[in-house]
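The following questions and answers concern a predicted model. They take up its strands and helices in turn.

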Amino acid sequence: DAVDDERDRALGRLVEFFKGRDVREAVAGYRQIDLDAELSGARMALSAAGLEVTIERPSDALEPAADALLGWILREGVTNVVRHSDGTRCSIRIRARDGEVALEIVDDGHGSRRAGPGPASPSGSGLAGIRERVEAAGGRMEAGPPAEGGFRLLAVVPAIASQGGSA
C-alpha cells in the first residue's frame, strides 16, 4: 500500500545517505567530540561492562584539535575493550610532555589472541581508523598485548594536532 511504499522510499534514502559515512559519527549526530565528555562516557561504559576503571588525566587544557582527536581515539579504544577484552580492569592514562600528548588504554583481558607480545597489526577497522587518524595528525600508535597480558593501545599525537586528524 501507499504507506509501505513511502516507508521503503524513505528507508532507501537513508541507506543512500549513510553509504560511505562513518556510522558512529552518524549515530553520534556529528557532535563535536570532547575528551572530558568521552572520559566520563568511558568510565560509565567500562563500569557498566563490569570493569574496574582508573583514569589519569592532567588538569591542563589541550588544544581543541588534539582534544577532539584524543576523544575520538578514546571512544574507539574503549569500544574495543568493552567488546573484546573480557577483562576485569582497564586503565586510561593521558600524559602531556615535550609538545606531545599520549593516550594509553590498558586492560587485563585476553587481549589479541592472534598476536604475540609487541605491536599488533591493526586488523580491525577500529584500530586501522585510529592509526590513520593518528598518523594524519603527525603522531604514532602502538597496539597489542604487553608481556604481562591483556591489551594496550598507545596513541601519541602532537599537542597541537593538525586539522586533518580531527575529522
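Q: How many bridges join strand S3 to strand S5?
A: Strand S3 covers residues 100–107 and strand S5 covers residues 151–158.

Q: Which residue in S5 is the bridge partner of Glu142?
A: S4 and S5 also run antiparallel, joined by five bridges. Within S5, the partner of Glu142 is Leu154.

Q: Which residue in the hairpin of S4 and S5 takes a positive phi?
A: Six residues lie between the two strands of this hairpin. The positive phi is near 100°, and the residue that takes it is Gly149.

Q: Which strands stand at the edges of the sheet?
A: The open sheet has five strands in the order S1-S2-S3-S5-S4, with mixed pairing. Each edge strand has a single partner strand, so one of its sides is left without a neighbour in the sheet. The edge strands are S1 (52–56) and S4 (140–144).

Q: What angle does the direction of helix H4 make with that of S3?
A: Helix H4, residues 64–84, packs on the sheet and touches S2 (89–97), S3 and S5. Its direction makes with that of S3 an angle of about 10°.

Q: Which residues of H5 are buried?
A: Helix H5 spans residues 125–136, and its 12 residues reach 16 Å from the first C-alpha to the last. Buried here means under 20% relative accessible area. The buried residues are Gly126, Leu127, Gly129, Ile130, Arg131, Arg133 and Val134.

Notes:
Residues numbered from 1 in each chain as written. Predicted model: local features only at pLDDT ≥ 70, side-chain atom pairs only at ≥ 80, totals over all residues. Heavy atoms only, no water. Pairing = 2+ DSSP bridges. Helix = DSSP H or I, 4+ residues; strand = E, 2+ residues; numbered from the N terminus. Contact = heavy atoms within 4.5 Å. Axes fitted to C-alpha atoms, helices over the stretch in contact; angles between N-to-C directions. Expected span 1.5 Å × (residues − 1). Buried < 20%, exposed > 50% of the residue type's maximum accessible area, 1.4 Å probe, protein only.
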